[in-house]
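Let's walk through this protein together, one question at a time. Have the model open beside you as you read.

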Amino acid sequence: MHTFRSLLLLSLMFSSWFGGVARAESMWKAGVSRAVITPEKAVWLAGYGSKRVPDGKLHDLWMKALALEDTAGHRVVLITSDFQGVPKMMSDRVFARLERDFALRRQDVMFTFSHNHCGPRLGDDLKDYYPVEVSQELLVSEYTDRMVDRTVQLVGEALGQLAPARLEQGSGEATFAVNRRNNREPDVPRLIAAGELLGPVDHRVPVLRVVRPDGKLAAVLFGYACHPTTLSFMTWCGDYPGFAQLAIEKEHPGATAMFVNTCGGDQNPLPRRQVELCERYGHELAAAVEQALQQPMTAITPKLETAFELIQLDYQEVVSQQRLRELLRDGRSLRARWAARMLQKLENGEQFETSYPYPVHAWQLGAELLMIGTGAETVVDYSLRFQSEFGPGTWVCGYTDDMIAYIPSRRVWEEGGYEGGYNLYEYGRPAFRWAGDVEQRIADSVHRLVKQVRSRP
Ligand SMILES: [Zn+2]
């Protein structure tokens, strides 16, 4: 009797132990890491066409990483950051080292940045926006080198933290993003009051939560389509996404909140320019995330498929040497600086490319979540289009891997104006404008990649 009871107890212990293992093996693994990236030296603030010397901080800037592993051992890492713009010269170095150190393939890493205009300069991003000062160039280059190291370290830490987790998704809504092409900024308060704002917006707030088997919330990833340009002063902060992340982390101690900008190229937080407004937008976004977390969320099956392409986006016309010479006399200093730098390249024997290599990602998580990553400042049409074409559970991240320039849809390209017209020189490209088929090329690529990730058994 006694022996029988022992055996029964032993077998019960075994079955629960095996059951536990089986449960863990049928789960995702997730690892989360974070690092402060606030510059310690006077690297200028990025994103507006002027010299902005930092005068302190409202709160720290962060870079965060979420590593995921499915039941077959396939790993991906999503990096989010409070950077304004990560240039190719920086992210390429990161991707090469991630492949070397952690065998992470290019298709398995997305390096996103919120496009925060109270974040620091990096590499040659928006190089001609700023007056040239040798000491500043050195600081930017030194800071960029440190951030390359820091990103690689951060990813290593996230991979080191991989442990069983459930992934669940839902969504909320926040309404402070305004289509800045269709509404004049001074008119916005009146238009809001009258309910007369115009133009496409994407007010959806997609939310992905990472929950440990004991119910502990490890991370909350959320997105919103809007420029982090509430503030334009000289103080380090994460703008509205920074405030939103802080609010979520305060509400959920121990959890890491991560933000991706979901195609906010033509969206602004309006009205703006006051810290109170910035905080209010951050809290509105955090409340939308809470709203999603309170609702029943959709569990995501632990299966991962990824695909990636660099596609060529053509310039409408590459700038000529003659035109550059004329522009040296241009009264607008940004354009004159650009022209001088471009002429120097030609004099050094460089030839301008006629197109730019544009990164496109598709990650399929279970059958439930499709994450599309698009480089640069994609306008909101991309997010709306792919959500409608691929259905619920589709996230479209803009500002992924490379800052490049504005990426207009065909509609915005035809309309012209700032985001659709002559802006490429501002970003240091050897041209003024994209060819008219950029949306077509990007959409073709996205469809190819989604077909790949969805057709694998
Ligand atoms: Zn922008």
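Q: Which residues does A286 touch, not counting residues up to four places away in sequence?
A: Contact here means heavy atoms within 4.5 Å. A286 lies in helix 6 (residues 275–294), where helices (H or I, at least four residues) and strands (E, at least two) are DSSP runs numbered from the N terminus. Leaving out residues up to four places away in sequence, the residues that A286 touches are A244, A247 and I248.

Q: What kind of model is this, and how are residues numbered?
A: This is a predicted model, in which local features need pLDDT of at least 70 and side-chain atom pairs count only at pLDDT 80 or more, while totals for chains, interfaces and linings use all residues. Side-chain values use heavy atoms, with hydrogens and water left out, and residues are numbered along each chain as its sequence is written, from 1.

Q: Is A286 buried or exposed?
A: Buried means under 20% relative accessible area, exposed over 50%, and partly exposed in between (1.4 Å probe, protein chains only). A286 has a relative accessible area of 6%, so A286 is buried.

Q: How many residues does the largest nonpolar core have?
A: A nonpolar core is a set of buried Ala, Val, Leu, Ile, Met, Phe, Trp, Tyr and Cys residues joined through side-chain atoms within 4.5 Å. In the largest one, the residues with the most contacts inside it are F83, F222, Y224, L285 and W434. Apart from this core lies another, of 25 residues, including A30 and V76. The largest nonpolar core has 115 residues.

Q: Which side chain of opposite charge is nearest to E377?
A: Lys and Arg count as positive and Asp and Glu as negative, with His and the chain ends not counted. E377, in strand 15 (residues 377–378), is buried yet has no salt bridge, a salt bridge being a side-chain nitrogen of Lys or Arg within 4 Å of a carboxyl oxygen of Asp or Glu. The nearest side chain of opposite charge is 5.3 Å away, and it belongs to R180.

Q: What is the distance of the polar contact between the side chains of E377 and Y399?
A: A polar contact is a pair of N or O atoms within 3.5 Å; within protein, one must be able to donate a hydrogen and the other to accept it, and residues adjacent in sequence count only if both atoms are side-chain atoms. The side chain of E377 also has a polar contact of 3.0 Å with the side chain of H115. For E377 and Y399, the distance is 2.6 Å.

Q: What is the phi of L126?
A: L126 lies in the loop between strand 4 and helix 3 (134–160). With a relative accessible area of 3%, L126 is buried. Although L126 is not a glycine, its phi is positive, at about 50°.
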